[in-house]
Amino acid sequence: MQFEVWAPLTGRVALRLNDSAYEMTPDPAPGRTGWWTVEAPAADGDRYGFVLGDDPVVRPDPRGRRLPDGTEGLSAVVDFEPLTPRTAPPHLPLQDAVLYELHVGTFTPEGTFDAAAARLGHLTSLGVTHVELMPVCPFPGRHGWGYDGVAPWAVHEPYGGPAGLARFVEAAHAAGLGVVLDVVHNHLGPSGNHLPAFGPYFTDTHHTPWGAAVNLDAPGSDEVRAYLVGSALAWLRDYRIDGLRLDAVHALADGRALSFLEELSAAVDALAAESARPLFLIAESDRCDPRLTTPRPSGGLGVHAQWNDDFHHALHTALTGESQGYYADFAAAPLAAVAKTLTRGFFHDGTWSSFRGRSHGRPVDRRRTPAHRFLGYSQTHDQVGNRAVGDRLSASLSPGLLACAATLALTGPFVPMLFMGEEWGAGTPWQYFTDHRDPELAEAVRSGRRREFAAHGWKAVGVPPAVAGGEVPDPQDPATRERSCLDWAEPERESHAWLLEWYRTLIRLRRAQPDLRDPDLAAVRVAFDEERRWLTFRRGDVRVVVNLGAESVTVALGRNGVRVLASWEPVEHPGPDGRLHVPGESAVVLGP
């Protein structure tokens, strides 16, 4: 077996394989400066690492596919032959998708790929098309969100390692579900990160919230880019994953003319063409910049879609009345904000942002930008977990308002995404938890999170009883993770089952009604009454009405012959005059 590693900062590299040592030699091939190689006999599971120069420390392989002993341990050889999927991936284009964001460690109490796979029947009966896994790369300890990963090519061992991920993807594909994986390129975690010893993976040219930036534009950045692009393609090729979610791309410090994101999207498109599969990239960005998802031939970066936090913020303020932090601009006229996002994509499209103290965003060209360039949602791991006590909408809203939130997300123009458990109004919070083994780092995370919430003035809303006094939970306390696990007894209870059936109904309607998948943003028509708190929008021949107010309202839909297709509360079809009577805190979908 050939072992290789990029280590341009040293004059000697040795491979340590099990109990043997092998001196490595520089690769003489053109364009391979800094690469070291050696042939050595190895089998699946063999432990190995590299010794750099005179430093006796044996370090794991930066491209290692498995860290069976954790982030501070050695790499292990992985034979992918037995892991090759037997089931062909389903052909599921993004524009027809309904995504379901899932955290492996809290989707079930067991917190493993196998336990999550055993619950895939729930997702198929719900009607979603793709599971979006939060990051699965190795991170310190057993439990965590996954955004402190340190090995972008490997899989977290407590979840099940590479074999567990392969089994999960196989099970999802067999059930007709696609799999999307959340990957982090903007930083690595602070504990167990050996990359700086190997080469210029980071640069002080830019400063980020995590310290030195990942090196995307300084000397040595060609190899660093190749490292990250190679990791992305490995997930798609070796595990047959169907798409990637790119974490916080606004934090990628990149000053080169050919941006890293453009390079990555070109590589993914090439793999999609080669494999005849609809692979895609979904970015998280707070820039409100449509160029991110504009195709490369048209001067954009070619990412296929992006999360639309503006839609979330508008909807959240309309539902809750909250106005703190970045909600302030949306809260001034929340239904107007919802209407703007439904028809123009971004709320901040060059407008003033009081949270940032400057103008923000760029207008979306609705004639050239299909609606499936955006994901729409009422809840995500960020928007729940980054609240002081991790309270979901279900902690403070009535079932009727939860139904309205689902209706706007699932019948709106964007690709819908759900956050695990929202479909039944989960009563469990989803809180920030870590398992750092370094006491100083653990305390820094604990105190830093409390300072962050104090500085931004976040208030606990609907505080779960388990969090006494509404204090920010201790991320290091195992009980914080345990509180965040879904309670799978809840969907069977009548109070939750009604909401779950409403989600199923809306997803069936989205699949059955082509107008609900129409990508034409310019064709969406919206009317609303800010004072009486109702909003209606039209997508082709389908009408959607939500009443967020407590009192019933009458909405004039016009003489168009539409009939009720689904309603949260029982309602009569519109009369000959086209007027629809909608109960308080309720939603109605109408069509021909």
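## Rings, helices and core in a predicted model

Visitor: Among contacts between residues at least 6 apart in sequence, what share joins residues at least 24 apart?
Guide: The model is a predicted one. Its protein holds 15 helices and 27 strands. Of the contacts between residues at least 6 apart in sequence, the share that joins residues at least 24 apart is 70%.

Visitor: How does the radius of gyration stand against the globule rule for 592 residues?
Guide: The C-alpha trace spans about 85 × 55 × 50 Å along its principal axes. For 592 residues the globule rule gives 25 Å, and the protein comes close to that, so it is as compact as a globular protein of that length. Its radius of gyration is 25 Å.

Visitor: What percentage of the 592 residues is buried?
Guide: Buried here means under 20% relative accessible area. Across the 592 residues of the protein, the buried part is 60%.

Visitor: Which element gives the most residues to the largest nonpolar core?
Guide: The largest nonpolar core has 145 residues. Those with the most contacts inside it are Leu-133, Leu-165, Trp-235, Ile-241 and Leu-244. The element that gives the most to this core, with 9 residues, is H6.

Visitor: How many residues of H4 are buried?
Guide: H4 has 14 residues and reaches 20 Å from its first C-alpha to its last, close to the 20 Å expected. H4 is mostly covered, and its buried residues number 10 of 14.

Visitor: Which residue just after H4 takes a positive phi?
Guide: The phi angle in question is about 85°. The residue that takes it, just after H4, is Gly-176.

Visitor: How are the rings of Phe-113 and Tyr-159 arranged: stacked, tilted or edge-to-face?
Guide: A search of the whole structure finds 27 aromatic pairs. In this one the ring centres are 5.7 Å apart and the planes stand at 80°. Planes over 60 degrees apart count as edge-to-face, so the pair of Phe-113 and Tyr-159 is edge-to-face.

Visitor: How far apart in sequence are the parts that Phe-113 and Tyr-159 tie together?
Guide: Phe-113 and Tyr-159 are both buried. Phe-113 lies in helix H2 (residues 113-117), and Tyr-159 in the loop between strand S10 (130-133) and helix H4 (161-174). The pair therefore ties together parts whose separation in sequence is 46 residues.

Visitor: Which elements hold or flank the tilted pair of Phe-330 and Phe-347?
Guide: The centres of these two rings are 4.6 Å apart, with 35° between the planes. Phe-330 is buried at a relative accessible area of 1%, and Phe-347 is buried at 15%. Phe-330 lies in helix H9 (residues 328-331), whereas Phe-347 lies in the loop between helix H10 (334-344) and strand S17 (349-353).

Visitor: Which charged residue sits over the ring of Phe-347?
Guide: Elsewhere, Arg-245 lies over the face of Trp-307, at 4.1 Å from the ring centre. Over Phe-347, at 5.3 Å from the centre of the ring, sits the charged end of Lys-340.

Visitor: What is the relative accessible area of His-313?
Guide: His-313 is placed in helix H8 (residues 309-320). Not counting residues up to four places away in sequence, His-313 touches Tyr-326, Tyr-327, Phe-330 and Gln-383. His-313 is buried, and its relative accessible area is 7%.

Visitor: How many of the 13 residues of H12 are buried?
Guide: Helix H12 (residues 399-411) should span 18 Å, and its end C-alpha atoms agree with that at 18 Å apart. Its buried residues include Gly-400, Cys-404 and Thr-411. H12 is mostly covered, with a buried count of 12.

Visitor: Is Pro-576 buried or exposed?
Guide: Pro-576 lies in the loop between strand S25 (563-567) and strand S26 (579-582). The cut-off for exposed is over 50% relative accessible area. At 80% relative accessibility, Pro-576 counts as exposed.

Technical notes:
Residues numbered from 1 in each chain as written. Predicted model: local features only at pLDDT ≥ 70, side-chain atom pairs only at ≥ 80, totals over all residues. Heavy atoms only, no water. Phe/Tyr/Trp six-rings, centres within 6.5 Å; stacked < 30°, edge-to-face > 60°. Helix = DSSP H or I, 4+ residues; strand = E, 2+ residues; numbered from the N terminus. Buried < 20%, exposed > 50% of the residue type's maximum accessible area, 1.4 Å probe, protein only. Lys NZ or Arg CZ within 6 Å of the ring centre and 35° of its normal. Expected span 1.5 Å × (residues − 1). Core = buried A, V, L, I, M, F, W, Y, C linked by side-chain atoms within 4.5 Å. Rg over C-alpha atoms; globule rule 2.2 N^0.38 Å. Contact = heavy atoms within 4.5 Å.
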